[in-house]
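Biologist: I would like to learn how to read the features of a model like this one. Please take them one at a time, with the general idea first and the case second.

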Amino acid sequence: MRISVSLFFIFVVFSGFGQSRPTGDWFDFGSGHINKWLQIAPAKLGPNSLPVPFMDYALLDSMSNIETGVHAHFMEGDKAINSYISLYWAVVPRRVVVHVWGVPTETFQTDNSVRDERQIYYDDTGWITQAGDLWISTYLQLIKGKKHWPDIGINYSHKTTTGGAVQGRYTEGGAEYYYIAFGKSLFPKRGFIDEMRLALMGGFYVWQTNKVEMAQDEGGLYEFGLSLKRKNFSWQNEIAGYNAYDAYRYMNIRGDNDPLIIRSRIMRSGKRFDYKLEYQAGLHDYHYNTFRFSVLYNFDGEIKL
């Protein structure tokens, strides 16, 4: 009797860590770790793994800000909520910005049907909390305020490896993207709208994978945006994505690495505090409906020499 009780106790304790999934029908991408079944691609990982960049509308702010927020993500079989924090530092107002941003915590629950589809090694044990990734971005304004020219800016962003891949949430490898953005504002003389701004950008996205035949994946990045302003309110709408190379298409395995999303964002600007509410949905290779709410505190971060 004591032996049976002891065995039951051991089973309960170790089941909390999650049993492994049956892997007989899974595709092995070739590494020697349990992550070898994961596909490091946006449609096969969590919603914050390889994010489509946000549109900066080729216009940098004069003020620095600290942003804190909460993001909620929903799809069939997977739901998550994460904290968000960023420091937007206008080193040279409207000319040079350093942006540090990331996900301190992500709490999620992924059922076994999604775990099978994504080839995640461990069973669903309920809600799990883990740290996310940290990104560092640099923005430079090249041209601004020219009558016959659009505003032009460039961006370079790099991801650290703080997020883990075992639960199929992050890449656990480096990633980066860079782009050039163009934007132009129109000011209607009459009507409800004070300003309409059109923008587009194009660039390149690259990240490390766990595939033996292809150590990294990469492809073109693109985005189109429309911003409407009325007094201290703005409404921004964007369609964006990237198209990565897939070395496994010849084996009839989907790349799952061509995300296309739409975003709509309402923002109320104040002297010290701004408030932001956003909705994002995937049109391709992004399966979540995402809601974001943030509060921004503005301050003068200029370095005066």
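**Contacts, rings and cavities**

Modeller: Contact means heavy atoms within 4.5 Å. This is a predicted model, in which local features need pLDDT of at least 70 and side-chain atom pairs count only at pLDDT 80 or more, while totals for chains, interfaces and linings use all residues. Residues are numbered from 1 along each chain as its sequence is written, and side-chain values use heavy atoms, with hydrogens and water left out.

Biologist: How many helices and strands does the protein chain have?

Modeller: There are 2 helices and 14 strands in the protein chain. Both are DSSP runs numbered from the N terminus: helices are H or I with at least four residues, strands are E with at least two. Of the chain's 305 residues, 45% count as buried. Buried means under 20% relative accessible area, exposed means over 50%, and partly exposed lies in between, for a 1.4 Å probe and protein chains only. Among contacts between residues at least 6 apart in sequence, 61% join residues at least 24 apart.

Biologist: Which residues have the most contacts inside the largest nonpolar core?

Modeller: The general idea is that nonpolar side chains tend to be buried together in soluble globular proteins. Here the largest nonpolar core has 33 residues, and those with the most contacts inside it are Tyr177, Tyr179, Tyr205, Trp207, Leu221 and Tyr242. At least two residues of this core come from each of strand 2 (78-92), strand 3 (96-102), strand 6 (134-143), strand 8 (175-186), strand 9 (195-208) and strand 11 (233-244). A nonpolar core is a set of buried Ala, Val, Leu, Ile, Met, Phe, Trp, Tyr and Cys residues joined through side-chain atoms within 4.5 Å.

Biologist: How many aromatic pairs does the structure hold?

Modeller: A pair of aromatic rings is described by the distance of the centres and the angle of the planes. This structure holds 16 aromatic pairs. In one of them, the ring centres of tyrosine 205 and tryptophan 207 are 5.7 Å apart and the planes stand at 85 degrees, so the pair is edge-to-face. Both residues, tyrosine 205 and tryptophan 207, are buried. Another pair, phenylalanine 273 with tyrosine 297, is tilted, at 5.4 Å centre to centre and 55 degrees between the planes. Phenylalanine 273 belongs to strand 13 (residues 273-284) and tyrosine 297 to strand 14 (residues 289-299), so this pair ties together parts that are 24 residues apart in sequence. Phenylalanine 273 is partly exposed at 39% relative accessible area, and tyrosine 297 is partly exposed at 34%. Rings of Phe, Tyr and Trp (its six-membered ring) pair if their centres lie within 6.5 Å; planes under 30 degrees apart count as stacked, over 60 as edge-to-face and the rest as tilted.

Biologist: Which residues form one aromatic cluster?

Modeller: Trp101, Trp135, Tyr177, Tyr179, Tyr205, Trp207 and Tyr242 form one aromatic cluster. Rings can also have a charge over them: NZ of Lys or CZ of Arg must be within 6 Å of the ring centre and within 35 degrees of the ring normal. The charged end of arginine 169 sits 4.3 Å from the ring centre of phenylalanine 108, over the ring. Arginine 230 lies over the face of phenylalanine 192, with 4.6 Å to the ring centre.

Biologist: How many cavities of 30 Å³ or more does a search of the whole structure find?

Modeller: Rolling a probe the size of a water molecule over the atoms shows where empty space is left. The search finds 2 cavities of 30 Å³ or more. A cavity is a set of points, on a 1 Å grid over the protein atoms alone, where a 1.4 Å probe fits but cannot get out; lining residues have an atom within 4 Å of a point. Points are joined across faces, edges and corners, and a volume is the space filled by probe spheres set on the points. The largest cavity holds about 240 Å³ of space. It is lined by 22 residues, of which Pro47, Asn48, Pro51, Trp101 and Arg292 are the closest to its centre.

Biologist: Which residue has a positive phi of about 60 degrees although it is not a glycine?

Modeller: Most residues other than glycine have a negative phi. Glutamine 119 has a positive phi of about 60 degrees. Glutamine 119 lies in the loop between helix 2 (112-118) and strand 5 (128-130), and counts as buried at 12% relative accessibility. Glutamate 172 also has a positive phi, of about 55 degrees, and counts as partly exposed at 42% relative accessibility.

Terms used: On a 1 Å grid over the protein atoms alone, a cavity is a set of points where a 1.4 Å probe fits but cannot get out, and a pocket is an open set with protein on both sides within 12 Å along at least five of seven lines; lining residues have an atom within 4 Å of a point.
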